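Here is a report on a protein model, written for someone new to reading structures. Keep the picture open while you read.

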Amino acid sequence: MKKTGSEILLECLVKEGVDTIFGYPGGTVINIYNDLMNYPIKHVLTRHEQAAVHAADGYARVSGKVGVAIATSGPGATNTITGIATAYMDSIPMVIITGQVPTPLIGNDAFQEADIMGITRPITKHNYLVKDVKDLARIIKQAFYIARTGRPGPVVVDLPKDVQIASTKFEYPETVDIRGYKPNYTGNPRQIEKAVKMLLAAKKPVLYVGGGATLSDTSEELGKLAEMIQAPVTTTLMGMACFPKRHPLSLGMLGMHGTYYANMAVTNSDLLVAIGARFDDRVTGKIATFAPHAKIIHIDIDPTSIKKNVRVDLPIVGDLKNVLAQLTEKLSQCTLEISETVASSEPWREQILEWKAQHPMAYKPSKTVIKPQYVIEKVRELTNEDAIVTTEVGQHQMWTAQFFDFTKPRTFVTSGGLGTMGFGLPSALGAQAAFPERQVIDISGDGSFQMNSQELATLVQYRLPVKIVILNNNFLGMVRQWQQLFFDKRYSQTCMELPIDFIKLAEAYGATGLRATKPEEVEEVIRKGLETPGPVIMEFKVAREENVLPMVPAGAGLNEMVLAS
Amino acid sequence: MKHTISVLVENEFGVLSRVVGLFSGRGFNIESLTVAPTLESSISRMTIVTRGDDQILEQITKQLNKLIDVIKVIDFTDEEFVERELALVKVTAEDNTRAEVLRIVDIFRANVVDVTPRTYTIEITGAPKKIDAILELLRPMGLKELVRSGPVVLGRGPKGWKST
């Protein structure tokens, strides 16, 4: 039976298990939108294409499914760029479909034409321009396969209008075989054996866990490994929800704004096991002084991450689910050696307790002004264990990472690699669309919130009851902090004095707005906000010049933390 | 250190751009690059000469392998290989230097492919060093224009790469 390209696209989406897509119509996708009305796919209309991509991103991060976004050609497609780059840096499985001018017009500077293939080449795992409707089904199948396998990532499919209108016999391929793409999923048994020996010999081990553990859903296997050998665990921003801070072996986050004890542990360790992490510069500080006494085992599904920044003693390429299982399997056969190892690493765990006691994660509380860290602690206290938290980017993001204890995987959604302001609200939108019944909280600063505030309309239209916490210090906080510490408090263009009435803004869209200006009002506002149905903005006027500490200044080593300002 | 690598890629639109974009995006340098289809028309072979230490080369090889369109990367640094390049050069050949030019062409087993009263255009194939050598000898006569193809490389010995 013959189907048009646009019907074939929608059939393929259904076959791939897609039930929700985010997008914004336009001239070159009008056929798709017309046929969409005949298909059981829910479409969420955002108010900007960047938000559509961030929403698909948030949807993917919390559900583990491939996020799908649609935009029209030209400016619609170029508006998706920041969203795609955000997903690329954090390895999120997504398929972004962009309309394109008809094939005979490509390259002619046609109306609303943009070379999206060229523009997205460096920020996608792969991209396709569909020139013949006969290739469409195969390309969509390949796009989803590439997006979700190996190290996940965004794939762009550029679909010209005439290809959408042309028709052909629809056949969905049963299998995918790409000869240039064969990821390796199982760890080499010899490497596993060596790793076991190194783990048993280590007296000061640290497990360094990154986004790979979140993407591969291996928090259980991780917990098993850590407890088996009693190894302390530190996580990056991206791996945070895989290991709860309240666990006795948890060191919290490491790196530029990590805890004192995590950074000291890494600096003094004799074995660092990197699990789905990539030794990003926010984590390592000065590479020359990073983990100077440690042997390094690096477990990752992507060989390019290994030995890219840091010398590695034992690389293991594979899917974390397999490799961690292989490791615990082999270790479970060495019960005698394990008890010896655990005994000999006891002084190490005691040293860590000492470091924890010397410099716990803390802030100066106040009775007169609202401290942002206090708000975050209160939000954690008053929300459900499985509440999903998204953040924007800046000081509030770091305070969330420091003071919010995540206990369930896939509950922390934040832009780590690219650090995109404007990510929090739309990604919360996407997360709420994935789980309409769960609490979804977006923690934001006053600067970041204004980057995609138009999405309040989407929240209200689709009844997505996201609760937005705005920590308002009338500053571009993180940059202001750097200006204070390194530029003599020359606050160039970081002061946003204009007092915006966020309550009026919320009500303008049909949402609820609440505000707290004194510490004693905080709990009340949070309670009320969480109870109120529908989307809510909770604005907190917080201390203006609070700093995120500890801090490892740029170019310094992890052991050169600034602890007080 | 100079490295020559052969990259076998899908013969699809945009693949060359992808590979070159990878090099420029990550700050790897390309000294020369040639590409053409192989025995199988759906696969093209690129030969790239790049410069860098072992760590850089390892990163380049891994990043290339990561590309969906790249089927295989062959690093010839540690292997025995045959390397050949083609050059076309237009040399000034006035009355007093014409004979000398022809003698050099003869010594290097090159060919004259174009003649005018004042110039010769010469075709040379050989190892890149041979081409460097003949150019050095011809330089004093006056080189008007030069085009080099960049080297292509094949491993020595009985084994040959073909997709199955």
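## The end segment of chain A

A:Glu560 is found in the segment after β20 (536–541) of chain A. Helices (H or I, at least four residues) and strands (E, at least two) are DSSP runs, numbered from the N terminus. A:Glu560 counts as partly exposed because it has 15 C-beta neighbours inside 10 Å. The scale runs like this: a residue is buried if 20 or more other C-beta atoms lie within 10 Å of its own, exposed if 12 or fewer, and partly exposed in between, with C-beta atoms placed from the backbone. A:Pro550 is 10 residues from A:Glu560 along the chain, and their C-alpha atoms are separated by 9.9 Å.

This is a predicted model: local features need pLDDT of at least 70, side-chain atom pairs count only at pLDDT 80 or more, and totals for chains, interfaces and linings use all residues. Residues are numbered from 1 along each chain as its sequence is written, while chains are lettered from A and ligands numbered from 1 in the order in which they are written.

## A loop residue

Now find A:Gln493. This residue is in the loop between α22 (477–486) and α23 (502–508) of chain A. A:Gln493 counts as exposed, because it has 9 C-beta neighbours inside 10 Å. Its C-alpha atom is separated by 8.4 Å from that of A:Leu476, 17 residues apart along the chain.

## Chain A as a whole

Chain A contains 24 helices and 20 strands. Its C-alpha trace spans about 70 × 60 × 40 Å along the principal axes. A compact globule of 565 residues would have a radius of gyration near 24 Å, and chain A agrees, with 24 Å. The radius is taken over C-alpha atoms, and the globule rule is 2.2 Å times the number of residues to the power 0.38.

Of the 565 residues in chain A, 53% are buried. Take the contacts in chain A between residues at least 6 apart in sequence: 77% of them join residues at least 24 apart. Two residues are in contact if their C-beta atoms, placed from the backbone, lie within 7 Å.

## The cores

The largest nonpolar core has 176 residues. Such a core is a set of buried Ala, Val, Leu, Ile, Met, Phe, Trp, Tyr and Cys residues joined through C-beta atoms within 7 Å. Those with the most contacts inside this core are A:Ala69, A:Val95, A:Tyr208 and A:Ile275. Helix α3 (residues 49–63) of chain A gives the largest share, 8 residues. A second, separate core has 13 residues, including B:Tyr120 and B:Ile134.

Which residues touch A:Val95, leaving aside its neighbours within four places in sequence? Among them are A:Val66, A:Val68, A:Phe144 and A:Val157.

## A parallel sheet and its helices

In chain A, an open sheet of 6 strands has the order β3-β2-β4-β5-β7-β6, with parallel pairing. Two strands pair if DSSP finds at least two bridges between them. The edge strands are β3 (42–45) and β6 (126–129) of chain A, and each pairs on one side only. From one strand to the next, the twist averages 20°.

Strands β2 (residues 20–23) and β4 (residues 67–71) of chain A are joined by 2 bridges. A:Gly23 stands opposite A:Ile70 in β4(A). α3(A) lies across β2, β3, β4 and β5 (94–100) of chain A, and runs at about 170° to β4(A). Axes are lines fitted to C-alpha atoms, for helices over the stretch in contact, and angles run from 0 to 180 degrees between N-to-C directions. Helix α5 (residues 81–89) of chain A also packs on the sheet, where it touches β5 and β7 (154–160) of chain A.

## A covered helix

How many of the 9 residues of helix α12 (residues 260–268) of chain A are buried? The count is 8, and the helix is mostly covered. Among the buried residues are A:Tyr260, A:Asn263 and A:Thr267. The buried residues of α12(A) pack against several elements of chain A, including β9 (205–209), β12 (271–275) and α16 (346–358).

## Chain B and the contact

In chain B, strands β2 (residues 29–37) and β3 (residues 43–51) pair in the antiparallel sense over 8 bridges. They form a hairpin with 5 residues between them. B:Pro37 stands opposite B:Ser44 in β3(B).

The contact takes 16 residues from chain B and 13 residues from chain A. On the side of chain B that touches chain A, α2(B) gives the most, with 5 residues.
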